[in-house]
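I set down here what I looked up in this structure, entry by entry. The sequence and the structure come before the entries.

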Amino acid sequence: MLKNLKVILMIIMIALAGLTGCSSQPEPPIKLIANSWIGYSPLFYAKEKGWLKPLNIELSTVVSLGESIMTYKTGHFNGLAGTQYEFAKLQKQNANLVPIIMFDRSNGGDMVMSNLSINSLKKTTESVDVYLEINSINSAVFKDFIKAHELENKTFNFINKDPLKTLAQIKQSPITQPLIIVTYSPYNFELSKHGLNIIASTKNIEDILVVDALYVKKSCLTEHKAHFIKLKQLINQAIQDLHTNPRDYYEKVKPYLENSSYEEFSASLNQIEWLNSELSEPLIKKLNHTSFPIRDLL
Amino acid sequence: MLSTQRFFLGLLAIIMLSLYATFITYYLSEQQTKADLITEEIHLTLSETGYLISTSFDSLSGIQSFKSLLNRKVAQSNLISSMILAQGTTILLSTDPSIKTLPSRLDSITTFSNISAQKLLQSPTFEITIETFSQNKVMPLTLLLKVNDYAFANYFSKTRIQYISTLVIPTLLVTLSLWAILHFLLMKPLVELKKYAYYSKRPPSKFKIKELEAIRSSLVQTFDRLEKEQKALYTSARTDELSGLPNRNHLNERLNWLIEESSRSKSEFAYLFIDLDNFKNINDTLGHDIGDELLMMIAGIMQEVIRDYDIIARVGGDEFVVVLSQYQNHIELNHIIQRIIAKLSEIHTVGTYPVRTSASIGVAFYPKDGIDSRTLLKNSDIAMYEAKKSGKNQIHYFTESLHQTILAEVELENDLRSALQNQEFELYYQPKVDIASGKIIGAESLVRWHHPTKGMISPLQFIPIAEQTGLMIELGEWILHQALQQQQKWQELYQTDLLLSINISAVQFGYVQFFSNFQSLCNQFDLDLKLIDI
């Protein structure tokens, strides 16, 4: 009798263990999106190094910031990398996001390119085609550009395209009329090969502040704060590796940066200012002035 | 208290309901998962389409360029019925020309989470707002998607049918099968065991379940043993150990039954108290073993003598009771008793000893001498002592007058038998005279008995005895023979045609050979039957 009872109990325990094993689903990953941008390369580096897997973080890459927003809106992501512009746009739609890790400040990384010089643009009477991703930081950059160079009265024909499509179109069609392209690194390198020059950038447009950060849902931050703290440490490690061995870093992140050359990659690095360490007081003031929340930064 | 049947019924009901509850939960969960997947798919379709439109939009004039995109999306998905692109309330593009107006925004789904399957089955319209840009000006457009009602209903009903066919019905069948198995292998045997345990009759046939079969087998063995022991106890409680005859208890049982029966039929029976004469001497001289052996022998003798339906019991050391019923009359009764006395009076060889025994018998009649077993025993015992006092080895009836009457009848019967042998009967012929003519016209034969010591005995005395003892047949034959012979003589001597009347007893008419015997006598004497009056 006792023996039978033991056997029954054993069977029940095995069944329960089996059920528990079957029913214990893996924890859903923390899903993040980032587009091709030199400032987000520490994320790509971390992914390539296999650092994200232990943190259960999945990183998806898209072409442009606009695509980032659209993809994030599908509801399957916990966060995205972007500028303060995308952050503000999503917050307006009750996205309940919070910036947790600062990547960089664009210091020439966002730029205005043209086949004409600024003076030529001022003089031209023709309508100027402006290629930009309207639904992104491009609009802010361009707005500041025309304001800074008093080009408000010019006739612009806005063409809403993401940087990759813009590049594709420029490659296919020869430039025959005045043209402005608002873009960012690394797309500028390929464009410069087709007769387009940087006529302004975040380096010389003083009014504009473009910072890149990682934004996540508040609930996700609360739930996985330890993971994000670790991620922050890994990003610091990636930037340190970049400084230590830029060549190796480049090889890892190259596929995410439209396969730009090492030289282009190095040039891109000069167009940003890393913000992974302490923020400077002036920057903090500026960020506060633009109502960019920095209280939850890790 | 809960019966096994109800217990198992409840158990199976709980199991089945639990399973069904699980199935329903799982079913609803799966439906919701499907709903979530569909919602997600629709959301992705809308987002992707919206993004494509948003990034490729130049101006409203070129809006038609997106028609192929919408048509393609609708064509590629079975779940989508139509897609509409609108600005405000104006429909810019529609894959379904029949749609002329937009549905109310209240009826549209704009948030894509927690949409139930029921909601999806209500043919909702999903919509998102997309930002397009005319130059650098934002131009919000609405992208709507109507679902395919038929595909949705079919999609969800398929799951329902699958659940019913793969889970609900098989579960029901399994439960019913389980019930049948439990019923036949467990519950029915238990009920049979319960009945058997209660009534200990009709043991159930072998069971399939080992433990139940062990219980059944044990019960059968136990009840068999109990029955045997009960029978043995019953027998020993009602049987005299030495003689094997019924004891006083058994006697009383049967006697009570007989009293009831006789009370209903208003009939009589005789209660005989038999005591062996001088049995003490046998015990004292030959020993108790011989005495016991003799008692056993006497019991056997008496059982041989009495009839099957008579009652015999040993009620004391050398005391026996015999209850005789269904006798025709006291003479027949007396014959039976006499047979007992005669048999007991023979010399018996017990061991190596020749032993002569005799018995004194006291007789009491129900209901005349007693209407219960105790009174009958007491009175027959008294009568037995009377027999002892009268010299043993004889019968004595409890009522003195009856005793005398029976003795007289028995004596008369014995005399009657002797009379037939000794030809003590005579036939007298009483003439019948025609008063008008004074002539003799016939004669009536009348039997008369000249007893050697008692003289002439009236037919009124002996005819009833002859009828009771069966001697009437023989006497009647003799009378008939004598009368017919006399008629023949008269005819030979006097050539008369006198009519001879012969009295025939009713007992004779009941005798099967009467007519054939009468016929043969008539033939023997060659008589004209017209001259015989019976």
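**Conventions**

I note that this is a predicted model, in which local features need pLDDT of at least 70 and side-chain atom pairs count only at pLDDT 80 or more, while totals for chains, interfaces and linings use all residues. Residues are numbered from 1 along each chain as its sequence is written, chains are lettered from A and ligands numbered from 1 in the order in which they are written, and side-chain values use heavy atoms, with hydrogens and water left out.

**Domains of chain B**

I looked up how chain B is divided and found domain 1 (4-158), domain 2 (202-238), domain 3 (241-398) and domain 4 (413-533). The bounds come from an automatic or database domain assignment. I then took the C-alpha centres of domain 3 and domain 4 of chain B, which lie 42 Å apart.

**Helix 11 and helix 12 of chain B**

I use helices (H or I, at least four residues) and strands (E, at least two) as DSSP runs numbered from the N terminus. At what angle do the axes of helix 11 and helix 12 of chain B cross? The axes of helix 11 (residues 400-422) and helix 12 (residues 459-469) come within 10 Å and cross at roughly 85 degrees. Such axes are lines fitted to C-alpha atoms, for helices over the stretch in contact, and the angles run from 0 to 180 degrees between N-to-C directions. The two helices of chain B are therefore roughly perpendicular to each other. For that word I keep the scale: under 35 degrees is roughly parallel, over 145 roughly antiparallel, 65 to 115 roughly perpendicular and the rest oblique.

I listed the residues in contact (heavy atoms within 4.5 Å). From helix 11 of chain B come Glu409(B), Leu412(B), Glu413(B), Leu416(B) and Arg417(B), which meet Gln461(B), Phe462(B), Ile465(B), Ala466(B), Gln468(B) and Thr469(B) of helix 12. The residues of this contact divide into five nonpolar, three polar and three charged. Here Ala, Val, Leu, Ile, Met, Phe, Trp, Tyr, Cys and Pro count as nonpolar, Asp, Glu, Lys and Arg as charged, and the others, Gly among them, as polar.

**Salt bridges**

I searched the whole structure and found 20 salt bridges over all chains, each being a side-chain nitrogen of Lys or Arg within 4 Å of a carboxyl oxygen of Asp or Glu. Side chains of opposite charge can pair when their charged atoms come close.

Asp415(B) lies in helix 11 of chain B and Lys454(B) in the loop between strand 14 and strand 15, so the pair ties together parts that are 39 residues apart in sequence. Lys454(B) also forms a salt bridge with Glu411(B) (3.7 Å, N to O). This second pair links distant parts of the chain, 43 residues apart, with Glu411(B) in helix 11 of chain B and Lys454(B) between strand 14 (440-451) and strand 15 (455-457).

I checked accessibility, where buried means under 20% relative accessible area, exposed over 50% and partly exposed in between (1.4 Å probe, protein chains only). Asp415(B) is buried at 17%, whereas Lys454(B) is partly exposed at 43% and Glu411(B) is partly exposed at 41%.

I also recorded a salt bridge between Asp369(B) and Lys368(B) (4.0 Å, N to O). Asp369(B) counts as buried, at 5% relative accessibility.

**Asn115(A)**

I located Asn115(A) in the loop between strand 5 (110-114) and helix 5 (118-123) of chain A. Asn115(A) is partly exposed, at 26% relative accessibility. Leaving aside neighbours within four places in sequence, the contacts of Asn115(A) include Ile175(A), Pro178(A) and Gly195(A).

**Backbone**

Most residues other than glycine have a negative phi, and most peptide bonds are trans. I found a cis peptide bond from Ser185(A) to Pro186(A), with omega near 20 degrees. Pro186(A) lies in the loop between strand 8 (179-184) and helix 8 (187-192) of chain A. The bond from Tyr366(B) to Pro367(B) is cis, with omega near 0 degrees.

Glu150(A) has a positive phi, near 55 degrees, and is exposed at 64%.
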